[in-house]
Amino acid sequence: MDNLILQREFKDTTLKAHQAIIRRLHSAGYVFPMKQRENITDLVRFLSAYPKANVKLTFLNTILVCRDIAGKPNIKIKELRTAIAKEGKVENVATMNTLGETLMKKDEFKSLLDESYAQNQWVKYILNYIWYTYGVRNQDVDLIFTKSKAEMTDLTKNYLYVKSKRVVLIRNAYKTSDTYGQQSHIITDKPFYIACTHRMQIGSKLVTGAKIGNAVRKYIINGMFESSIFKMLIADAVVRKDTDEINALSISRGTAISSVKEYYNTNAVVEVIREI
């Protein structure tokens, strides 16, 4: 299957995700149905060992991709995926509601953010300020400081362009950049500007490490990873019925409103009028 998946061009992250799923399926003893027949009975039996709909859907997506590359029919498998996706929406509401009970409130998070600034914890403050303000992912905060526009020629990098009394956050490399393009945010908050001027004296990289997810871990506030912060921001906006804020966060993160509604809304309710 690894050779088969290489026959189609994917983004590097997507390819690695499919390869990881293929390895996981192989280690679980699953034999890919690569003949003309879809072998749906065996597939349903295999998936029954995994109670969560999102896991089943992850497996099915990779199986569908492999069969599609091989030119095999997928009618029944797609029907199965649709049915499981409907179950997953109901399941996800319960998951989001439970998570919402453990999330920090926005004002509580802001107090701890301000505390990190007061304690001169520049990296912690800068990272969490960006997550808190724009709801972005870890990849987005893999940042390089610069005072020169001429140094921002590499469009595979993200920058903090420090100017007089303001900082421009420039994001070229993030999960959905192919869809949303380069994003630029002018930040005039004085504490953020001061934090950046202090931190850039130490080095041009905001954080260092082979993997950004590991590099930022020690700067997390109260266990609130970037996805939790985004859910917190959405939850607060939903309570305030601030549709403009939700749409602004959707754009800055690079996530469709439909995805925000389904995967990040901890105030979600099961829709009574829905297809089953």
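1. Start with the hairpin: β2 (158-163) and β3 (166-171) are joined by a turn of two residues. One of the turn residues, K165, has a positive phi of about 70 degrees. Strands here are DSSP runs of E with at least two residues, helices are runs of H or I with at least four, and both are numbered from the N terminus. β2 and β3 run antiparallel over five bridges, with Y159 opposite I170 of β3. To count as paired, two strands need at least two DSSP bridges between them.

2. A word on the source: this is a predicted model, where local features need pLDDT of at least 70, side-chain atom pairs count only at pLDDT 80 or more, and totals for chains, interfaces and linings use all residues. Residues are numbered from 1 along each chain as its sequence is written, and side-chain values use heavy atoms, leaving out hydrogens and water.

3. Now the whole sheet. It is open, with four strands in the order β1-β2-β3-β4 and mixed pairing. β1 (143-146) and β4 (183-187) are the edge strands; each has a single partner strand, so one side of each has no neighbour in the sheet. From one strand to the next, the twist averages 20 degrees.

4. V167 has I187 of β4 as its bridge partner, and L169 sits opposite H185 of β4. Five of the six residues of β3 are buried, where buried means under 20% relative accessible area, exposed means over 50% and partly exposed lies in between (1.4 Å probe, protein chains only).

5. Which helices pack on this sheet? Helix α7 (122-134) does, touching β1, β2, β3 and β4, with its direction at about 110 degrees to that of β4. Helix α9 (190-199) also lies across β1, β2, β3 and β4, at about 105 degrees to β2. Contact means heavy atoms within 4.5 Å; the axes are lines fitted to C-alpha atoms, for helices over the stretch in contact, and angles run from 0 to 180 degrees between N-to-C directions.

6. The largest nonpolar core has 46 residues, and I126, L127, I130, L160, F192 and V207 have the most contacts inside it. A nonpolar core is a set of buried Ala, Val, Leu, Ile, Met, Phe, Trp, Tyr and Cys residues joined through side-chain atoms within 4.5 Å. The largest share of this core, ten residues, comes from α7. Leaving aside neighbours within four places in sequence, I126 touches F145, L160, F192, A195, C196, R199 and L206. Another core, of 26 residues, lies apart from the largest one and includes I21, I22, Y50 and I69.

7. Worth a look is α11 (226-239): ten of its 14 residues are buried, so the rest of the structure largely encloses it. Among the buried ones are F230, M232 and L233. The cover includes α5 (75-100), α6 (106-118), α7, α12 (243-253) and α13 (257-263). After α11 comes K241, with a positive phi near 55 degrees.

8. Finally, S48 sits in the loop between α3 (40-47) and α4 (53-69). Is S48 buried or exposed? Exposed, because its relative accessibility is 55%. A polar atom of the S48 side chain lies 2.5 Å from the backbone oxygen of R45.

Key:
A polar contact is a pair of N or O atoms within 3.5 Å; within protein, one must be able to donate a hydrogen and the other to accept it, and residues adjacent in sequence count only if both atoms are side-chain atoms.
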